[in-house]
Amino acid sequence: TRKRAPHSIYSLARDLYLVRLPRCIAACDISNLGKEHAVGSIVYFTDGRPRKAEYRRMRIKSIKGQDDFSMMKEIVGRYFVHLAENQKEYPDLLLIDGGKGQLNAALDALRELNLADQQTASLAKRFEEVYLPGRSEPLSIPKTSSSIRLLQRIRDEAHRFAVTYHRKLRSRKLEESELDSIPGVGKKRKMDLLAAFGSLEAIKKASLDDLLAAPYLPQNVARTIREHFKEQVTDE
């Protein structure tokens, strides 16, 4: 038998008028800085503790531009399809990072999947307000309550996970674009170099001997790379 849930889980069930005790909570966030690399993250908590093996992150596929609501709908839809396809249990509570707009977008996705009874709530950053489906006003929950603190912790973790992924994609893009400008370095060679050295910074610092020792790298290209980055260093 499962041990009793922490007090904060019971508080959350009471404060959000939940039918089922929210022992398993999934939280969704979008990281969308600029037009490129919009990503979504889902974190998963059991009895208030993170279960990192159940975390997921996705690149936004179907939305161009900055449309947070459509992005949230896409991520929630894809996440629940993933759960169904892998025969995983749905969370007791789905937490959305955002206000009424983000919450409604998530509910649209759930309705399209015939999952309208999925317990869902959103936590808006600005005033840390909690919104529930079908209610136009936020709930009046004391900011010091254990239930709000639990939601904040889970929401903050979803945000951290999304932003970390976003930064990783952006830095990878920067690395790739800088290598693109070097003659003789095509798409495959670029990937081989990053795999061999680990990062653009390591390639920049590599000696000619290091580059010559890299697999699948012709001598003339190794010399070109070394000259390219040597000029950058002297320019600085």
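**Figure 1. Helix H2 and its surroundings.** Helix H2 comprises 18 residues and extends 26 Å from its first C-alpha to its last, close to the 26 Å expected at 1.5 Å a residue. The model shown here and in the following views is predicted. Ten positions are listed for the inward side of the helix: Met71, Met72, Glu74, Ile75, Val76, Gly77, Tyr79, Phe80, His82 and Leu83 are the buried residues of H2. These residues pack against strand S1 (24-31), strand S2 (39-46), S4, S5 and H3. After the helix comes Gln87, which has a positive phi, near 50°.

Figure 2. An α-helix has 3.6 residues a turn, so residues three or four places apart point the same way. Asn114 follows H3 and has a positive phi, near 60°.

**Figure 3. The aromatic pair of Tyr55 and Phe161.** The structure contains 3 aromatic pairs. In the pair of Tyr55 and Phe161, the ring centres are 5.0 Å apart and the planes stand at 65°; an angle over 60 degrees counts as edge-to-face, so the pair is placed in that class. Tyr55 belongs to the loop between strand S3 (49-50) and strand S4 (56-59), whereas Phe161 belongs to helix H4 (residues 146-180), so the pair ties together parts that are 106 residues apart in sequence. Tyr55 has a relative accessibility of 10% and therefore counts as buried. Phe161 is likewise buried, with a relative accessible area of 13%.

**Figure 4. The aromatic pair of Phe80 and Tyr90.** The ring centres of Phe80 and Tyr90 lie 5.3 Å apart with the planes at 55°, so this pair is tilted. Phe80 is located in helix H2 and Tyr90 in the loop between H2 and S5; the pair therefore ties together parts that are 10 residues apart in sequence. Phe80 is buried, with a relative accessible area of 1%, whereas Tyr90 counts as partly exposed at 33% relative accessibility. Together with Tyr79, these two residues form one aromatic cluster.

Figure 5. Met58 is situated in strand S4. With a relative accessible area of 5%, Met58 is buried. When residues up to four places away in sequence are not counted, Met58 touches Ala38, Val39, Gly40, Ile42, Ile75, Arg78, Tyr79 and Tyr165. Among these, Ile42 is 16 residues away from Met58 in sequence, and the C-alpha atoms of the two are 8.7 Å apart in space. Ile75 and Tyr79 are themselves among the buried residues of H2.

**Figure 6. Two views of charged side chains.** The charged end of Arg4 sits over the ring of Tyr10, at 4.4 Å from the ring centre. Lys52 counts as exposed, at 56% relative accessibility. Glu157 and Arg160 are in contact with Lys52, leaving aside its neighbours within four places in sequence.

Figure 7. Rolling a probe the size of a water molecule over the atoms shows where empty space is left. A search of the whole structure identifies 1 cavity of 30 Å³ or more. The largest cavity has a volume of about 40 Å³. Its lining consists of Arg189, Asp192, Leu193, Ala196, Ala214, Pro215, Tyr216 and Leu217.

**Figure 8. The chain as context for the close-up views.** The chain contains 8 helices and 7 strands. Of its 236 residues, 47% are buried. Among contacts in the chain with a separation of 6 or more, 58% involve residues 24 or more positions apart.

Technical notes. Residues are numbered from 1 along each chain as its sequence is written. This is a predicted model: local features need pLDDT of at least 70, side-chain atom pairs count only at pLDDT 80 or more; totals for chains, interfaces and linings use all residues. Side-chain values use heavy atoms; hydrogens and water are left out. Helices (H or I, at least four residues) and strands (E, at least two) are DSSP runs, numbered from the N terminus. Rings of Phe, Tyr and Trp (its six-membered ring) pair if their centres lie within 6.5 Å; planes under 30 degrees apart count as stacked, over 60 as edge-to-face and the rest as tilted. Buried means under 20% relative accessible area, exposed over 50%, partly exposed in between (1.4 Å probe, protein chains only). A charge sits over a ring if NZ of Lys or CZ of Arg is within 6 Å of the ring centre and within 35 degrees of the ring normal. Contact means heavy atoms within 4.5 Å. On a 1 Å grid over the protein atoms alone, a cavity is a set of points where a 1.4 Å probe fits but cannot get out, and a pocket is an open set with protein on both sides within 12 Å along at least five of seven lines; lining residues have an atom within 4 Å of a point. Grid points are joined across faces, edges and corners, and a volume is the space filled by probe spheres set on the points. The expected span of a helix is 1.5 Å times one less than its number of residues.
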